[in-house]
Amino acid sequence: MKKGVSFLVTVAFMALVSSLASAFDPSPLQDTCVAIAEPENAVFVNGKFCKNPSLTKAEDFSYSGLDKPGNISNPVGSAVTPVNVEQIPGLNTLGISAVRIDYAPYGQNPPHTHPRATEILTVLEGTLLVGFVTSNPENRLFTKVLNKGDVFVFPIGLIHFQFNIGHTNAVAIAGLSSQNPGVITIANAVFGSDPAIDPDVLSRAFQLDKNVVKNLQSRFWYDNN
């Protein structure tokens, strides 16, 4: 009887581990799987159709333009230039992507989360205050000032931010552990959703006057991605 129970527990545990593992980009089962919009004569594999390998070319694995700064003349003072499977089709199934982030003086990449990726950020120029907050109930803040050449990791799914505390522009490059990491900017999602979240819900959740919530919802929430 005990052996039977032990076996069932083992099976249940393995099933749980397998389901958790599948939450990340799975490993490719072939050398390449270049993303293709036209599904004719293609095979559907984790997210994008694959181009026929015999038609694959070097351009499917390259991108030009990451040397050019983004437009930081906006309300948040930053710009994110993504390099994911949409820019490099050859990233399909490979579980990796990158971004360039430009910051105006005192500009920020507002609190946000990547639902499908861990991020590793390297400062190329300037000084950034960065941080992330752990999940409930601790909600512990990990924060650090980064200078040129410093590296910081933001664990998958956790809310994080970067703030340029210098008097000059700042630049960073980040790698992410997904071909399509996704981004949820907290303020945009909560106060700028379409349709809007019922103000009574947000009023109680944030302990704010309902009119304050309505005012926040009426504003334009800039997306720097």
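**View 1. Helices H3 and H4 cross in this predicted model.** Here we look at helix H3 (residues 199-206) and helix H4 (residues 210-218), whose axes come within 9 Å and cross at roughly 115 degrees. Helices here are DSSP runs of H or I with at least four residues, strands are runs of E with at least two, and both are numbered from the N terminus. The axes are lines fitted to C-alpha atoms, for helices over the stretch in contact, with angles running from 0 to 180 degrees between N-to-C directions. H3 and H4 are therefore roughly perpendicular to each other (65 to 115 degrees counts as roughly perpendicular, under 35 as roughly parallel, over 145 as roughly antiparallel and the rest as oblique).

**View 2. Who meets whom between H3 and H4.** From H3 come Pro 199, Asp 200, Leu 202 and Ser 203, and they meet Lys 210, Val 213, Lys 214 and Gln 217 of H4; contact means heavy atoms within 4.5 Å. Sorted by type, the residues of this contact are three nonpolar, two polar and three charged (Ala, Val, Leu, Ile, Met, Phe, Trp, Tyr, Cys and Pro count as nonpolar, Asp, Glu, Lys and Arg as charged, and the others, Gly among them, as polar).

**View 3. An open sheet of five strands.** Read across, the order is S4-S5-S12-S7-S10, with antiparallel pairing. Strand S4 (78-83) and strand S10 (151-154) are the edge strands, each pairing on one side only. From one strand to the next, the twist averages 20 degrees. Strands pair if DSSP finds at least two bridges between them.

**View 4. S7 alongside S12.** Strand S7 (residues 119-125) and strand S12 (residues 170-176) run antiparallel, joined by six bridges. Look for Ile 120, which stands opposite Gly 175 in S12.

**View 5. S6 and its partners S11 and S13.** Three bridges tie strand S6 (residues 108-113) to strand S11 (residues 159-164), and the two run antiparallel. Gln 108 stands opposite Phe 163 in S11. S6 also runs antiparallel to strand S13 (residues 184-185), with two bridges, and Thr 113 has Ile 184 as its bridge partner in S13.

Residues are numbered from 1 along each chain as its sequence is written, and side-chain values use heavy atoms, leaving out hydrogens and water. This is a predicted model, where local features need pLDDT of at least 70 and side-chain atom pairs count only at pLDDT 80 or more, while totals for chains, interfaces and linings use all residues.
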